[in-house]
Amino acid sequence: MALDSESFDILLATVQRFIRERLIPAENDLEEHDEVAAELVEAMKELGLFGLTVPEEYGGIGLSVSQEVQVNFELGRTAPAFRSVFGTNIGIGSQGILMDGTPEQKASYLPRVASGELIMSFALTEPDAGSDAASLKTRAELVTGSDGDHYVLNGTKRYFTNAPRAGAFTLMARTGGPGAPGVSSFIVPADLPGIQLGKKDKKMGQRGTMTCDVILDNVRVPAANIIGGEPGQGFKTAMKVLDRGRLNISAVACGIAQRVLDESTRYARERKQFGKALGEFQLIQAMLADSQAELLAGWALVREVAERFDRKPAQRSDPDVSMRVSCAKLFCTEMAGRVADRAVQIHGGAGYINEYPVERFYRDVRLLRLYEGTTQIQQLIIGRDLVGRA
Ligand SMILES: Cc1cc2nc3c(=O)[nH]c(=O)nc-3n(C[C@H](O)[C@H](O)[C@H](O)COP(=O)(O)OP(=O)(O)OC[C@H]3O[C@@H](n4cnc5c(N)ncnc54)[C@H](O)[C@@H]3O)c2cc1C
């Protein structure tokens, strides 16, 4: 699946213009109000951003992974909260249906996901199950009634991105015994009785994104809403979804690194000390150079892994690709943290002041090393793969 290259070039140029002309000028407003303006959300729908990765047959644009990472690099040049509005629709919220859903599930959900009519989000994490996601406790008990088979869900999901905006969740719950084989993925409409949202989390950065707890109290979900129709496959689905998600976070990390490097270069040219522009001092040039080299290395890695991703069958997971995805997430998110830190340093005191974008990105970028698998979890995946192969 891929968009033809001519159409893709037009799309990329349109997205670049939208970011430059509409999103970057709205960053201060976003930071102040902790909310993405409704007219920007409408503009995102018109551009087709909610359906970037949904195949054309379901009304989307149908980008390949190689194309998706390029769009995400561009989106990294502005506040991550803008991408977050549709990020779960093109990523972790809907990919489970796309990869493993039944034809009926795809036909029923994907067109609404692509248009932005339906926001979907992804619920794996729980209060006692973060990095150890396979230990999740949310229970799904099968009951047979006059209205057909249902599962009754009980539990709490945590740090659930876009839950307050979502019309439906891709939600992992335990239908069987302990560990990964006991987990199933459900499509859960957000308005079912028994679903309660906790209060919105106050976060270090990424203002304008929304996370909260979701409490499930005897929520009846039709058995037909198990993704793929077969219980016990949900953890595998979740891991496949996260593989693609992690690569796209790596691309966003590179885009953020590019933005803060651009901000730093501009500042180094303009700001004068000791009678010279900062950029003339070799110690400043060294920081810029380290950032440029690391950014190019990270971006080359993302592009290479994306091509491998596109060469493998979409439904199948490939341990070698997963290991490389983890390398990209580990390197690029840590790299973006270092680049943002140097950007603050190059700005001096101004880097600590809220009106300069690098202050905001310094906080925003911190999350990338935590969600969709922490740096340590990526190290474990890579290490296990290497030792296992020996
Ligand atoms: C803003 C935000 C948005 C999020 N969005 C979503 C979402 O939409 N859906 C969702 O399901 N989840 C979401 N998450 C959850 C996120 O994926 C988890 O927070 C993350 O996976 C880490 O889990 P944890 O917070 O429980 O940390 P823990 O697992 O408790 O880890 C704490 C520390 O211990 C380390 N650690 C854990 N196990 C090991 C080990 N075996 N070896 C070495 N070190 C280890 C970790 O790397 C970390 O440094 C979000 C989180 C945040 C903060």
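Which domains does the domain assignment of the chain give? Before I answer, please note that this is a predicted model. The assignment gives domain 1 at residues 5–115, domain 2 at 120–232 and domain 3 at 235–389.

Let me begin with the chain as a whole. It has 12 helices and nine strands. Its radius of gyration is 21 Å, close to the 21 Å that the globule rule gives for 390 residues, so the chain is as compact as a globular protein of that length. Along the principal axes, the C-alpha atoms fill a box of roughly 85 × 55 × 45 Å. Buried residues account for 48% of the 390 residues. Among contacts with a separation of 6 or more, 75% join residues 24 or more positions apart.

I turn now to domains 2 and 3. Their centres, taken over C-alpha atoms, are separated by 30 Å. Where they meet, 12 residues of domain 2 are in contact with 11 residues of domain 3. The side of domain 2 that touches domain 3 consists of eight nonpolar residues, four polar residues and no charged ones.

Finally, the ligand. Which domains each supply at least three residues of the shell around the ligand? Domain 2 and domain 3 both do so. Of the 21 residues around the ligand, G130, S131, T161, T374 and Q376 come nearest. As for secondary structure, β1 (120–123), β3 (148–161) and α12 (375–389) each contribute at least two residues to the shell. By class, this shell comprises 10 nonpolar, nine polar and two charged residues.

Methods
Residues are numbered from 1 along each chain as its sequence is written. This is a predicted model: local features need pLDDT of at least 70, side-chain atom pairs count only at pLDDT 80 or more; totals for chains, interfaces and linings use all residues. Domain bounds come from an automatic or database domain assignment. Two residues are in contact if their C-beta atoms, placed from the backbone, lie within 7 Å. Ala, Val, Leu, Ile, Met, Phe, Trp, Tyr, Cys and Pro count as nonpolar, Asp, Glu, Lys and Arg as charged, and the others, Gly among them, as polar. A residue is near a molecule or strand if its C-beta atom, placed from the backbone, lies within 6 Å of it. Helices (H or I, at least four residues) and strands (E, at least two) are DSSP runs, numbered from the N terminus. The radius of gyration is taken over C-alpha atoms; the globule rule is 2.2 Å times the number of residues to the power 0.38. A residue is buried if 20 or more other C-beta atoms lie within 10 Å of its own, exposed if 12 or fewer, and partly exposed in between; C-beta atoms are placed from the backbone.
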